[in-house]
Amino acid sequence: MQHYQLFIDGSWTDGRTGQVMSSQNPATGQDWATFACAAAEDVDRAVAAAKRTLADPAWRDMTQTARGKLLYRLAELIEERAAHIGEIETTDSGKLLAETASQTKYVGDYYRYYAGLADKIEGQVLPIDKPDMHVFTRREPIGVVAAIVPWNAQMFLTATKLGPALAAGCCVVLKASEIAPAPMLEFARLIEEAGFPAGVVSVITGDAENCAIPLTRHKDVDRVAFTGGPETARHVVRNSAENFAVTTLELGGKSPIIVFEDADLEGAANGLIAGNFGASGQSCVAGTRGLVQRPVFEELARRIAEKSEGIVVGDPLAASTHVGPLCTRAQVEKIGATLEAAKSQGARIRFGGAPLDRPGNYMAPTLVECKTPETETLQVEMFGPVMSLLPFDTEEEAIALANDTPYGLGSGVFTQNVARAHRVSSRLRAGICWVNTYRAVSPIAPFGGFNQSGYGREAGLEAILDYTRTKTTWINMSEAPMSNPFVMR
């Protein structure tokens, strides 16, 4: 089997304790690779390398333009190797090759976007209210960044952290999920090939106790950028109390997709399918709460069922496959339990509703018709191809139902009424709102949530500033000596 080592301080190494974990191919249920796991000593080595490199002239004194050129080179390498990394990610996580390869290639644009911003991080000269004082600000790298990414969109969620961090001049310890970490370790080879100095980026993986906890509470970590679940995020926040690291969280969701009676139902059906069956439902912005105005409920459900008859569930490496396996067996089991609870609450399974009888972690695409907002499938984030529909009558009711959640990451609105689109989207408590489309991303557009979907934003122009600190410099230009030392100027 393929064996992956850790990438620390420019070198490939096994963990100090020799701990090794195996990775399972979700399409077959068989182990296909092993990987070294970091222990606390390895975390120390990675963070120490990052801290040392921050002060190394090779990185510290590199011009912002030169940093941008390294990111441009990294973008080129990612695009060149997109098919290979996509195949590794598909084998490791079960995501469709059609998506992993294309998404990896598009990720190059994220690094290219931040490469272009690297030499546009500017300070200001302040019109200060003190005579004979020249006061200016500059933005400096925030320091050592711990970037923690989950398995479900690794290249994308790494780019939204690593791109702005490197453009700002930070050093990064990237912690890949111990579930399907192979793509991140393959990606580390590109960091090395692009020519970044040793220590600028280290890539490690391992379990919570030996790797994640020592990293997020490490005294020399200045910023934690985390994507994952709310429970893990609570631990991250507690750990950051040890080092006062600036922390941003991009967490899960139960995103609503509202379909009004005037919507183009063909587009709405495709939007709901994209938001629920796309990526096999393994997306943090999955639109798992379909809210449909009552006059078009039956027609929309019929269209979704009709379209779903053509969905091909199968080998994620095959070009003809639409839905692949889920990454872990635990997801299949969680979906089963949630569906049983929903049925006991009166929900109706319109199609699907059971695992497929074949090797691997396959779940049939499922449509659940719900009677009440309390139905279990409308409450639980399942991370699988399960769509739930609930009827509503009025616009106010739709907004209330959409906002009746502890989460607030994505949302969707399908309507041909432009005024309604603006009116409803402005009242949805979510960090993203797609109108007459769903699940679109761009390096130019900020991404993040409200409430228990986290705080902070990734991608977009302002994200790069989150990886800097502002320094204010005061220069006394008077020829006279400083006066009374006991009075604040």
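In what order do the 3 strands of the open sheet stand? The order is β6-β7-β21, with antiparallel pairing (strands are DSSP E runs of at least two residues, helices H or I runs of at least four, both numbered from the N terminus; paired strands share at least two DSSP bridges). β6 (125-126) and β21 (468-476) are the edge strands; each has a single partner, so one side of each lacks a neighbour in the sheet. β7 (residues 133-141) pairs with β21 over 9 bridges.

The model is predicted; local features need pLDDT of at least 70, side-chain atom pairs count only at pLDDT 80 or more, and totals for chains, interfaces and linings use all residues. Residues are numbered from 1 along each chain as its sequence is written, and side-chain values use heavy atoms, without hydrogens and water.

The axes of α3 (residues 64-80) and α5 (residues 97-117) come within 8 Å and cross at roughly 170° (axes are lines fitted to C-alpha atoms over the stretch in contact; angles between N-to-C directions run from 0 to 180 degrees). That makes the two helices roughly antiparallel (over 145 degrees).

The second largest pocket holds about 340 Å³ (a pocket is an open set of points on a 1 Å grid where a 1.4 Å probe fits, with protein on both sides within 12 Å along at least five of seven lines; lining residues have an atom within 4 Å of a point; a volume is the space filled by probe spheres set on the points). Of its 17 lining residues, R67, R138, R139, E140 and P141 are closest to the centre. β7 supplies the largest share, 4 residues.

Technical notes. Parallel < 35°, antiparallel > 145°, perpendicular 65-115°, else oblique.
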